[in-house]
Every structure is written in C-alpha cells, then in structure tokens.
There are 2 protein chains.
Amino acid sequence: MNEKIIRLLKEKNFKALREEIIELNEVNIAEIIEELNKNEAVILYRMLPKDLAVDVFAYLSNEQQMNIINSITDKEIKHIVDELFFDDMIDFLEEMPANVVKKILENAKEEERNLINQFLNYPENSAGSLITIEYVDLRKDMTVKEAIKHLKETGLEKETIYTCYVTDGSRKLEGIISLRKLVISQEDEIIEDIMETDVVYVHTHDDQEMVASVFKKYDFLALPVLDKEERLVGIITIDDIVDVIEQENTEDFQKMAGMEPSEIEYLDANVFTLAKNRIAWLLILMISATFTGRIIQRYENVLQSVAILAAFIPMLMDTGGNAGSQSSTLVIRGLALEEIKTKDFFKVISKELRVSFIVGIVLSLINFLRIYFIEKISFKISLTVTITLFVTIMLAKIVGGILPIVARKFKLDPAIMASPLITTIVDAVALIVYFSFATMILGI
Amino acid sequence: MNEKIIRLLKEKNFKALREEIIELNEVNIAEIIEELNKNEAVILYRMLPKDLAVDVFAYLSNEQQMNIINSITDKEIKHIVDELFFDDMIDFLEEMPANVVKKILENAKEEERNLINQFLNYPENSAGSLITIEYVDLRKDMTVKEAIKHLKETGLEKETIYTCYVTDGSRKLEGIISLRKLVISQEDEIIEDIMETDVVYVHTHDDQEMVASVFKKYDFLALPVLDKEERLVGIITIDDIVDVIEQENTEDFQKMAGMEPSEIEYLDANVFTLAKNRIAWLLILMISATFTGRIIQRYENVLQSVAILAAFIPMLMDTGGNAGSQSSTLVIRGLALEEIKTKDFFKVISKELRVSFIVGIVLSLINFLRIYFIEKISFKISLTVTITLFVTIMLAKIVGGILPIVARKFKLDPAIMASPLITTIVDAVALIVYFSFATMILGI
C-alpha cells in the first residue's frame, strides 16, 4: 500500500494519489509521510482535505511537524491551530523551538493564546500536562432531550463525548453522565436526577503516575481534572494514559539498569546525552566496587596459600548478584503495581527466607557434586565454596527483597535498589563470607 | 470511609450500612469486602442491590469470588451468570477450580454454556482470551433513527456501545460506526453511507502483545476480533489492554532479571513456584560463571607473581557488567516499544561505539587518577587496569547493544539478553582482556 502511494507521488499522478490517500486512516497516512523527504512530505500533506490534514498532523513526528509548519501559509497554520485537539497542540508546542511557538501563538485567538500559555506552564509529568479541554459540559437542570441537542451542536469538535460533565455557573463540577446513559434515558428526565455525583477526579498538579493508577483501578475512559479551587479545567483520556504507563515503565527499566531516565527514543537521542545518563551511576558503582577489591587485598595471604580459591570468585559473585536481582526485581515491580505495600515488609522477608532456602539448597548441592566429584577439588575447599554459596544466596535474596521496601519507606524510588546496586552490595558480602569460611575451614 | 462501614457491620447496624454502601463506587465496595473475613464478606455482599452486586463481583479477588459462590444460592449464582460481562466471566472461570466451574455451567443456559466452553479454549494470552461479546451490532440498511432505537433497546446490557459494528447475515464485518457519529448525524441517513469501512481488526489467535500494539498505534477504545472465516466473534476494550500492557511489562522485568515469567502476584505466589521460577536461570548462569573461574585458574601464575591484580577483578567485572546491562536494557526496551527494528542493527552499533568511547574515556581517566595518584599503585599496573577498563566498557556496550537485536532476528525474546546473561559474558571477556594486557605490559 505504502509503496503504491509513494510511486504515485514520484510519478506526480496527483489525482490517483488523492483518491488513494483519502481512503486511509490518519495513522497510516502519517506513517507514509514519515518515509518521504521534506518536499514530498509537504506536497502530500497539502493534498489532504483540510480536516484530515489536521488529524494526520497530530500523528507526525516533531521533525515533520516543524517542516510542515515552516512550509505552509499562515492561513493553513491558523486552520491547524483552530482544529487540532488542545492536548495534541500542547504536546506539539512543548517540543517546538521558540520561533515555531511564536508563529503558532500569532495565529491563535487571544483567549486561546492565554490558555496555551497556562497549559505550557503545568509541570512536565503532571496531570495538567495531559489535559484536553474538548469535553462536553451540561447543566443539571437540562432535560435529556436538551442535553442531546447540545451534544449534537457542539459534540463534533469534542475529543470525547462519551462522558459529559455537569458544572455550575462558577465551573464547579457537580456530576458526570455517560453518553450511554443519555441515549438510553427518557427524553424528559432531568440531568440532575440521573447524573452520578460520586465523581472520581484528579488535580492539575497531581503526578501522571498517580493519574495512571486511578485509571487502572477504576477502568475509566476519561477522568476530570480540577484546579486548586475545585473548578473543572479539563479531562484526561485513556489513550494518553496508555502512553504514560509505557513511559513510566521505560523509566523504571532505565533506573533499574543504573541510568538516568530519559523520555527521548534511543535512536533519536544525542550521543552525549546517552553518555551523560550512563556515566553517573557507573562511576558510583565503580568506586563502590573498589571496596570489594579491598576485601580481596586484605585476604591476599589466603589467596597466596590456596590459589585455587580465586577461581571460584566470579561464580560466587555472579550467582549472588543474580539471586539478589531476582528478588529485588519482583519486589520493585510489586511496589510499582501496588501489589506490595510497605506494611508487607515482614511478609516479604518471610517469603524470601523460604524461597532462598530452597534455591540455596538446590544450587549448593549441585555445585558441591560438580566441584567435588567432577572437578576433583579437595573436600575442604568444596565445602568452603558450597557453604559460601548457600549463605550468599540467602543473604542476597533477603537484601534484594528488603532494600526496595526500605527505599519506599524513606520516600526514595525503589527502582534504584535494582540489579547494579544489589550486585555491588552482594559482591562485598559474598567475599567476606567466602574468606571467613576459608580461614575457618582451611585453618589458614 | 472504609472504617465507618466496617464499624457499622460489626455493630450489625444493617440499615445504616446499606445506605452508606449503595452510595459507593463498585471498585471501592470490592476493596472493603477484601478486608473482611469470609462470613462478613458474604453478609455485606448479600446486602447489595442485585445489579450492584454483580458489578462488585467482577472486581473481587479470586479467593473472595470463590468464597461467595460457595455461600450463595443457585438463584443468586444464576443472576451473576446472567449479568456478569462475558469477559469478566471468562477471567473468573479461568481461575476457579473444577467444582466451581461446574456449578457455574449448571446455572448457565445451554447456548451460553457452549459459548463459555468455546472461550475457555482460546489459548492463554491470545486475543480470544480478551474478547467480550457485549457489543452492539447493526445492519447497513438501517437509518440512524432505527440504529439509535436498537441501541436504546439493547444497549443497557452492552459493555461498550461507543463503537457499533455493522455485520451482514453471516456475521461478516462490513463496517463500524461510533456512537458519536450516530448521535450527531441526521435521523434519516443510512448507516451504509456514514459507516467506516477501512476497519482495523485482529484475529482470535493473535497474541495479546500484538493486540496491545495495535491499540497503542491507533488510539482506539475498542477493536473487533474476527475468527478464521472473518466473522465477528466479539470485541476487545481498552481497559483490558491496560492490564495486558502491565502484564507484558511485568513479564519483561522478570525475564530480564533471569526468571521464568509468572502472572501470579508476588504475595499470592507459592514458595515452591517462586523457587522453581528462579532456579533454572541461576543454575545456567552459575555453570557459565565457572568458565570465568577457569580463566582465573589459567592465569594463576600471573596472580601469584603480582597478587595486587586480584584486587581489581571485582571492579572490572562489575563495571563491565553494568555498562553492558545499560546498553542491553535500552535496546530491549526500544525493541519492545517498536522504536528499534532489526534493520537498525548498524545504527545501534554506531551509536554504542560512540557512547561507549565517551563513557570509557571518562571512567578510565578517573580510575587512573584514583589508583595511580591516590592509591599509589605502580604505573604499569595502573596502566593495565585502565586499558582493560576502557576495552571492557567498549566491548560490553557493543555486546549489550547487539545481542538483543540478534535474539529478535532469530525469533528469540530479546529480554533474555539482559543483565544476568550479559554480565556473565562480559565477565569472561573482561578477565581475558585483563590477563592479556597484564602479561603484555608487565612482561610476566
């Protein structure tokens, strides 16, 4: 499909091209435009019917949006400004350089310009930054018939009309009513009698992660957003929340791998930014790991007299690190999904104690059989390695299970207590245990 | 709020209790029931108006659902079977033991029983397992007025009426139309003229991860599901997709920490299951790490003659592992979100080469300054450690960036190429590099 369109474009067969393209979904048209060069993109874009053009615009990359804004007339820009959904407009403006923002603001009506400035000021990742203002508001003394008439008159421009919001003269939220309820109610019923008054809402400055968890809990399609004076500012729709959820997960993945979180896509990110995001944690962990080195240094005499002991260090360090990361990952994820609360502290310890006992027994046993019978290592050394392995797994899993909850308790992000930090801690512990047992059992 | 309700329940003040509780949202009532013991839960549940009771039932834990089913009459069960949304019913039945499923099926009409059996047979994690059958279907020769009348007659029982599906006599999907479009159209327009025919859909056996990515791409609220003969079987709604997204992310977190993925919540999971999910990978990685041990064994003479070299092993291993995990995490996540494709292989290599060069230079420089000037280690040893660190970071980041793409290319899950495996590989590489430079520079 895409090839055919691109071919028609190259052949300048604009009539056939236009016929093909207006049949497509706006998402697919945007995809095609992304594959074109700057000039072709503008040609194809200008060929779209005005309203479809605006829908397509919302799905373009920031780069193509900027290219198009810089190539079209003020009149065309004005049409985009007037017709683009408000939340898409804000998303777009947030990523544009100052000259493009200026061009857009010049083409907006004064009222809209003020609103844009207000919305651009909401903190990044707050509920305010997700708000759309295209919702339907009703009055509680309307009948269903009047409400549906109002809907028909204004609904076409609204992003979602599936929930309508009932407000009073000072924009205070009094209730909500679904389009579904409106459609299936008798025409002469009064909104006040059929609206829901137990409304769940969020505030403009709430964190988007909190907003996402409200959506997940109640299975809503949209949620009203109030300001500090409890007036309705706008709504948040679930399609934007899907993006928030993925963004929050990406942040957790990044933090758990010891990086500064970043919203920029990998392939678009600047090399220096990527390097900067990675260096801080690597540096902290590198310095911490030198303390582990000190432990080896302190027991140099033990290694000198029984050199084979050094050969088991990587296995002990790695297994301990992996065992600890497993536990910390499960607990961090459980905390993020609110399946684990800080009050479950002792439940987690008790669970990790039992799990790590089973895992420890199985792994140490297999390890003992392997190094004693197959590698023919002496009994005392096999015993030292095996006991160390068991103790390390127990400690690693308990440390891995506890630290994320402790972090949450101290209002830190549990995600920092992931693999890299746990590994560093467990490495040091494993080596101390190892050399202590070695001196004890081998009598060095 | 919850305390008040629980207090009224303990005081057996049922009248006040009922008044309080019917004002609440079903999600909140379910939350309260979860805090009660088995008997209290049943008492409170039976106090709810019949229809609210069914809504609450859908939000209860499997444990409480089973408790309630085992305590109520067949007539009450029949009401739940008749009124519960079909997808909630399937979710519930999938988790119930055979005797409960039998009890439910006995209370279902024959037609529904057949449908339940069909749906219970869809593979877990397939589109089929997410289907709801409560949707509105129209015929293309209806007028808008007739369509809205049909909606009013049947819409109350449907989970979503925001999109209506136009089918022909053999249930083939011919188009879709949104409630919004219906409401704002003229009453005498014909559905065929205003419906959309470029419909995006999925098949019953498609993987749920694929379904989620369709939702993310097009910002849909619902998506039709067709069988192999292209007949409409049901729809999938976005609230279930939010759960799928979180579940797929949880699976990725688990795989990336070297565990078998599991859908059971941590606190509910059996200790033996948890242990089993963790042992396999730990065992594989433990055995692999012994090869790293072999490398140390092979260079025993180097360690014997310059014992201080051992002290830098943990730092080199950990920093290499962390550097590699950072890259692999970003690439795995990029692949999962479809921001990186396998064709971007060389772009990723080029990016990692440049990033790792910067990171490597900064870290090695700081490391050199620290060990040569502060720890007063000899120049040659400082140089050996520094060069090894630089080379290890470069290699770790390239390996970490490449392996997830290679995995995808071979149809494996990129998530297995995460921290644990990368660490094990990088550890071995780091040690070989270390001892090679040591023998070269120190002339051992």
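**The sheet in chain A**

In chain A, 3 strands make an open sheet with mixed pairing, in the order S1-S2-S3. Its edge strands are S1 (136-138) and S3 (173-178) of chain A, and each of these pairs on one side only. On average, neighbouring strands of this sheet are turned by 35° against each other, direction ignored.

Some ground rules: this is a predicted model, where local features need pLDDT of at least 70 and side-chain atom pairs count only at pLDDT 80 or more, while totals for chains, interfaces and linings use all residues. Residues are numbered from 1 along each chain as its sequence is written, chains are lettered from A and ligands numbered from 1 in the order in which they are written, and side-chain values use heavy atoms, with hydrogens and water left out.

**Strands and what lies across them**

- S2 (residues 163-167) of chain A runs antiparallel to S3(A), and 5 bridges join them; strands count as paired if DSSP finds at least two bridges between them.
- A:Thr167 has A:Leu173 as its bridge partner in S3(A).
- Helix H11 (residues 144-154) of chain A lies across S1 and S2 of chain A, at about 150° to S1(A). Such angles run from 0 to 180 degrees between N-to-C directions, with axes fitted to C-alpha atoms, for helices over the stretch in contact.
- Helices (H or I, at least four residues) and strands (E, at least two) are DSSP runs, numbered from the N terminus.

**A buried loop residue**

- A:Thr143 sits in the loop between S1 and H11 of chain A.
- With a relative accessible area of 19%, A:Thr143 is buried (buried is under 20%, exposed over 50%, partly exposed in between, using a 1.4 Å probe and protein chains only).
- Leaving aside residues up to four places away in sequence, A:Thr143 touches A:Glu187, A:Asp188, A:Glu189, A:Ile190 and A:Ile191; contact means heavy atoms within 4.5 Å.

**An exposed helix residue**

- A:Ile374 belongs to helix H19 (residues 345-374) of chain A.
- A:Ile374 counts as exposed because its relative accessibility is 64%.

**Over in chain B**

- S2 (residues 163-167) and S3 (residues 173-178) of chain B pair in the antiparallel sense over 5 bridges, with B:Cys164 opposite B:Ile177 in S3(B).
- The hairpin of S2(B) and S3(B) has 5 residues between the strands, and B:Arg171 there takes a positive phi near 65°.
- Helix H7 (residues 74-83) of chain B has B:Ile77, B:His79, B:Ile80 and B:Val81 as its buried residues.
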